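Hi there,

Here is the structure I promised to pass on to you. Have a look at it first, and then read my notes below.

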Amino acid sequence: MYTVNANYQELQGSYLFSTIAKKVAAYKEAHPGCSIISLGIGDVTQPLPDAVIKALHSAVDEMADVSTFRGYAPDLGYSFLREAIAENDYRARGCEIGADEIFVSDGAKSDSANIQELFGAEDIIAVCDPVYPVYLDSNVMAGRAGKYDPAAGRYTRVVYMPCTKENGFIATPPEKAPDIIYLCFPNNPTGAAADKERLQEWVDYAVKNGCVIIYDAAYEAYISEENVPHSIYECDGARQCAIELRSFSKNAGFTGLRLAFTVVPKDLVKDGVSLHGMWARRHGTKYNGAPYIVQRAGEACYTPEGKAQIRDLIGFYMENARIIREGVVSLGYEAFGGVNSPYVWLKTPEGVSSWDFFDSLLDRCNIVGTPGCGFGPSGEGYFRLTAFGDKDATKEAVMRITKI
Ligand code: PLP
């Protein structure tokens, strides 16, 4: 007789987006013909860059010819893509990362969920609060997070690191060191980005205390400020303590194509065991490689045309971010983010909860955003607005808020 993984019973329902969907559906039913604008989506809306489309077409043609057809891709990724990544994302920024330290995959979501398999069942994880939920939930499934305490709204074996206005939404290293630290910069949902000094502090802390940092840099392409590192490997010592996750989703619009990579440096060795070797083994055992045509599309992102088109795409979304940020600030709201990220993190007016603000914005402006409390207790009193929409709709949304 089989049993089920009881850890799944500890998962909290994905309450946030389903509740939003239900509220919006109910509102539409009660107000037929209303025109709702969503500033809540975390998905891109603009078409793929032309260089990517061309690469896809040409790779599809190769698959149609017996002499150029490809079957299974190498587990860890084609060397043409791993080389392009190592050269452009790392060596060009002065980071010593070899192509053989790059593991190509189908998404940063799956990588960020799977990476915890490399660590001991009793290891203590630390997550930022608020947080992208995957880091926490994947550890809950693995039994590492302990029990959920409904009164506290927290798991018993997890260290929550509050990210508040006071610390600039950048967590401070906990007094008692955890084992595994999840960091994400530029951050979803707060839009905060750690500068070089703050990130170096984290790396020094991890090296001193023997922690590993799982660094999610999915929004790296949105960095606009000089002193913000694009990779954790810009910090001294990071090769000894950090794993970096990257994605083609938010820079080149691959959310529907699926392509990402994880960097596991060979210097990450614990008790004589190489994490690089472990991740290679995991990849080889559980994964059969990202599709050839998608890896060719990824390679095209590093051509001069691809780079220029991606810059334009980012520029498009960041203009939306500017419109939203400046719009809400001009109305007297406190707003953060939107400078190095496509997310604007708005402080709700005094005494107005995240959900009350959601209801009010939906009701009075027909605008949908995301209540900050859905990302963790410290998100209460905040609201996430995203820049991934259409330009006219974004302008219209800000106009509607202004009118009321
Ligand atoms: N990491 C963060 C912080 C995200 O916000 C997202 C998507 O929203 C992802 C990872 C997922 O990336 P991918 O599309 O490569 O799975």
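This is a predicted model: local features need pLDDT of at least 70, side-chain atom pairs count only at pLDDT 80 or more; totals for chains, interfaces and linings use all residues.

**Two helices side by side**

Helix H11 and helix H13 (residues 391-403) pack with their axes 9 Å apart and at an angle of about 5°. Helices here are DSSP runs of H or I with at least four residues, strands are runs of E with at least two, and both are numbered from the N terminus. The axes are lines fitted to C-alpha atoms over the stretch in contact, and angles run from 0 to 180 degrees between N-to-C directions. H11 and H13 are therefore roughly parallel to each other, a label for angles under 35 degrees.

Residues are numbered from 1 along each chain as its sequence is written, and side-chain values use heavy atoms, with hydrogens and water left out.

**The cores**

Which residues have the most contacts inside the largest nonpolar core? They are Leu183 and Ile213, in a core of 97 residues. Such a core is a set of buried Ala, Val, Leu, Ile, Met, Phe, Trp, Tyr and Cys residues joined through side-chain atoms within 4.5 Å; buried means under 20% relative accessible area, exposed over 50% and partly exposed in between, with a 1.4 Å probe and protein chains only. H11 (residues 304-330) gives this core its largest share, nine residues. Because domain 1 (13-46 + 305-403) and domain 2 (53-303) both contribute residues, the core lies between them; the domain bounds come from an automatic or database assignment. A second, separate core has 25 residues, including Leu118 and Phe119.

**Strands**

Strand E2 (residues 102-105) points Ile102 and Val104 one way and Phe103 and Ser105 the other, and all are buried. E2 runs antiparallel to strand E10 (residues 260-263), joined by four bridges; strands pair if DSSP finds at least two bridges between them. The bridge partner of Phe103 in E10 is Thr262.

Elsewhere, four strands make an open antiparallel sheet in the order E13-E14-E17-E16. Its edge strands, E13 (334-337) and E16 (370-371), each pair on one side only.

Enjoy exploring!

Terms used:
Angles under 35 degrees count as roughly parallel, over 145 as roughly antiparallel, 65 to 115 as roughly perpendicular and the rest as oblique.
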